[in-house]
Structure formats: structure tokens, C-alpha cells
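Please keep the sequence and the model in view while reading.

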Protein chains: 2
Amino acid sequence: MNKKRLQSEDTKKRVADAARGLFVKKGYKATSIEDIVSATGSSKGNIYYHFKSKEGLFLYLIDEWEQEWEQQWKEKESLYTTTTDKMYGVAEQMVLEDLNHPLTKSADEFFDNSEKPSDVEERITEMVKSHLTFYQALIQQGMDSGEFKHNDVEGLSIIFESLTMGLSQMSRKLNQKDALVLYRLAVNVFLNGITKNAT
Amino acid sequence: MNKKRLQSEDTKKRVADAARGLFVKKGYKATSIEDIVSATGSSKGNIYYHFKSKEGLFLYLIDEWEQEWEQQWKEKESLYTTTTDKMYGVAEQMVLEDLNHPLTKSADEFFDNSEKPSDVEERITEMVKSHLTFYQALIQQGMDSGEFKHNDVEGLSIIFESLTMGLSQMSRKLNQKDALVLYRLAVNVFLNGITKNAT
DNA sequence: ATATATACTGAACATTCATTCAGTATCGTA
DNA sequence: TACGATACTGAATGAATGTTCAGTATATAT
């Protein structure tokens, strides 16, 4: 039970990769199972053999993506000394990872489909919460270290999350280079608003 | 030909209002013609008699909304003296109007449906462009008057648009009061990042 | 070599939804 | 009053799409 299992995992990965690509490009709803079938050569039934449903496939990709993000961040975090640098680092990773890694589009799309209180919506809400917690800790850290002015930490974290959400939508048409410039400028504006020493 | 025409216009308005309410609440895709039928008591056919299509109905609402926004802004603009005040004013109107007035949700949703290069997508792109032009002029004005530091005007306008796009998504669950606080804080952060005199 | 679990196929099914259209009702007007 | 236009009805259509399932192939274990 080896060659078979390996092959099976391979097809599962192939399906996941194709689906990811399509979701980035077209969004969740606009991507049909049929599209994935065409892209993989695999059959409909086989996709349902490997994944519970379309939604299940999507959730699988989200999890995968989140894990990778976390891992990459851990690798980078130690390289930054100041909180300021960390915030630039986050923005950079966002452009590098999130724009490549696709669910941005589908995720935003999902946000607006309150139709079904599906697992996915819960999942996304959960994701936003964890973002907020993350930013909150980061900003608090900056305040404690004296880099940032004291202010409403929770509010600022929401604002930063909002800013990045908006940026991810706006920069969809941009190439990576331009997006990077835009994100940097955004963090710049955000920091000079909360940093003690004016630039 | 009067009573009839008035009645007709009335039903058209009733349909539009109901559709607006549903689009805000559920988003564009999640709102079916059937939903609008249920909400109005009008028949499917009648909706198609008054509006070309679901998309046409949506576009109608967008136009209506944009006109109202512009009008309300004109009434307020003269009340603000500094550009700073104007920006707060814009934010305030956004919360007061945009959150009430609904298409926010559906509009964002549309952004992610690149499936069809439909009129609507073009329309929304156009809207974003006009926003950017507006913010650009406002920010330029602030720079000229000496209120703002000199900086990349286009970039800053994109950032402000992004920020507000993100805020509109994040504040969906908030009540008007809390949203207002959040938006004010956001503009505060944005301005203290580009205003010469630190707070 | 045979049996069995695993991997896979694709036609059929079920549902949702926008849109159409042939027909009916209502109102203004000649 | 009768005719014509305008306003409205709702069943039927058609297309898209997620999901199921009975059946087939393949590889591993006995």
C-alpha cells in the first residue's frame, strides 16, 4: 500500500493546486467543479472522493494557506528588531504571499454572501478575529516599547485590518512591484500617524 | 393618463426600495428575483416590465445612490472651512449614507466576480476612479493650503480609498454609532500621518 | 492468483434562478 | 361605450451547477 497511496495523494494535490489557481483567478462562486475537472483531467466523482464538497475543498485551501503564512512569518519575524520593521515585514509578506496565494479574492467574495451561515463564513470571521488579535499584540508591543503613541489599540487594529483589506482589493490589478510600493506607502502613512517621532 | 402613471411609478419605486433593502442585507447574488417578488407582492413579470434585468435594477440603484450622495455632499461641503474638516465630513457622510444606503455590500461582492466583464463591473471600476479623482483633488487642496505634507498624491488617494473600502466591510456588523467612532479614528490616523502639525 | 480495499469514472439527478411570453386586467381617451 | 395602450400575472423555459451513485479499474495483501 504505497505506490497507490502516493499516486492518490498526488492527485489530491493536483486538484487542490488547480482549484487554488482557479479560485484566485475567478473567485469562489465563479469557479465550477466542471472548471476544476477541465483543469485537472480528473473526474467529478474523484474530486468528491478526495474532498467532501466544493466548500470543503475551499476550506482545505484556506487551512493550507494559513499554515504556510504562519510558518513563513515565524521564519521572518526574528529578522526584524523593531516593531516598525515588523509591520513593514507583514506588509511585504502580504504582497508576496497573499497576492500569489489566492484566496483573497474568494475570501472577500464570501464576506458578502451572508446567504448561508455556512462553515466558511464562520471560518472567515474567525480568521479576521485572529488577524485582529495579531495586530493588536503587535501594536501594543510598539506602544510598550515607546515606539508608538498610546491610543485605542483595538480600534487601531481594526483600522489596520481594514486598510489591508481595502488594499488587497485595490491592488488586485497591480503587479507585485507596484503593489509593494503601495503597501509600503500605506504602512508609512499608518505609522507616521501613530509613531512618536514625526518623519 | 395620470392615475395610472402615478401608480406605475409607485410600484417601480416600491420594487426599487425592496430590492435595495434586500441587496444590503443579503448581497447581490444572494438576492433572487423571487425574494423581491415576495417582498413586494409584485409579480416576476412586472419587475421585468419596470427593469431590464436584475443587473439593470442594480445599476438603477447605484445611479440613484450616487446622485443622492453627490447632492448631499454639495449641501454640506460649504459648511466645512478646512480640508481637514472636509475629510471628517466625507467620513461622516459615508457612515450616514453608505451604510444606510446599501449597495456597499453588493458592490464589494461584484468586485470579485470577474467572471463576466459585465456592465456592472465596468460601472464599479468607473466609480472607484471617480472616487480616486475626488480624493486626489481634496488631498492636493490640503497640500496647497499648507495643511498637508507634500507627498505622492495619487498613492495617498488610493490608500484612502482602500482604507474606506476596508472599513465599510469591517463595520458591516457595527451599529451606526460605533461605525462613526471607527471612521473618525481612521481619518484621524490618516490625517496625523499626512498633517504637518503633530497632534 | 484471487480477493479486497482503495482510487476513480461519468451519466443521472436535483435544485436554483434569471428570463420570457402569451394572456389578462386596468385605465385613459376618442 | 369601445378601443388601445399601459400595467401586470405566473407558468414555462432554459441554463448553470453541486452532488450522488452504481459501476469499473488498479494495486496490495494473502
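In chain A, 68% of the contacts with a separation of 6 or more are between residues 24 or more positions apart; a contact here means heavy atoms within 4.5 Å. This is a predicted model, in which local features need pLDDT of at least 70 and side-chain atom pairs count only at pLDDT 80 or more, while totals for chains, interfaces and linings use all residues. Residues are numbered from 1 along each chain as its sequence is written, chains are lettered from A and ligands numbered from 1 in the order in which they are written, and side-chain values use heavy atoms, with hydrogens and water left out.

Chain A has nine helices and zero strands, so the order of its elements from the N terminus reads α-α-α-α-α-α-α-α-α, where helices (H or I, at least four residues) and strands (E, at least two) are DSSP runs, numbered from the N terminus. The chain has 199 residues, and 51% of them count as buried. Buried means under 20% relative accessible area, exposed means over 50%, and partly exposed lies in between (1.4 Å probe, protein chains only).

Helix packing in chain A can be followed from H1. Helix H1 (residues 3-26) and helix H2 (residues 33-40) of chain A have axes that come within 9 Å and cross at roughly 125 degrees. Axes are lines fitted to C-alpha atoms, for helices over the stretch in contact, and angles run from 0 to 180 degrees between N-to-C directions. H1(A) and H2(A) are therefore oblique to each other, since angles under 35 degrees count as roughly parallel, over 145 as roughly antiparallel, 65 to 115 as roughly perpendicular and the rest as oblique. On the H1(A) side the contact is formed by Arg14(A), Val15(A), Ala18(A), Ala19(A), Leu22(A) and Lys26(A), and on the H2(A) side by Asp35(A), Ile36(A), Ala39(A) and Thr40(A). By class, six residues of this contact between H1(A) and H2(A) are nonpolar, one is polar and three are charged. Ala, Val, Leu, Ile, Met, Phe, Trp, Tyr, Cys and Pro count as nonpolar, Asp, Glu, Lys and Arg as charged, and the others, Gly among them, as polar.

H1(A) also packs on helix H4 (residues 54-77) of chain A, with axes that come within 10 Å and cross at roughly 90 degrees. This angle makes H1(A) roughly perpendicular to H4(A). H1(A) contributes Lys12(A), Ala16(A), Ala19(A), Arg20(A) and Phe23(A), which meet Lys54(A), Leu57(A), Phe58(A), Tyr60(A), Leu61(A) and Glu64(A) of H4(A). The contact of H1(A) with H4(A) has seven nonpolar, no polar and four charged residues.

In chain B, helix H1 (residues 3-26) and helix H2 (residues 33-40) pack at about 125 degrees, with axes 9 Å apart. H1(B) is thus oblique to H2(B).

Two single residues remain. Glu161(A) lies in helix H8 (residues 153-170) of chain A and is buried, at a relative accessible area of 3%. Leaving aside residues up to four places away in sequence, Glu161(A) touches Val128(A), His131(A), Leu132(A), Tyr135(A) and Met170(B). Asn192(B), in helix H9 (residues 176-194) of chain B, counts as buried at 17% relative accessibility. The C-alpha atom of Asn192(B) is 9.2 Å from that of Phe148(B), a residue 44 positions away along the chain.
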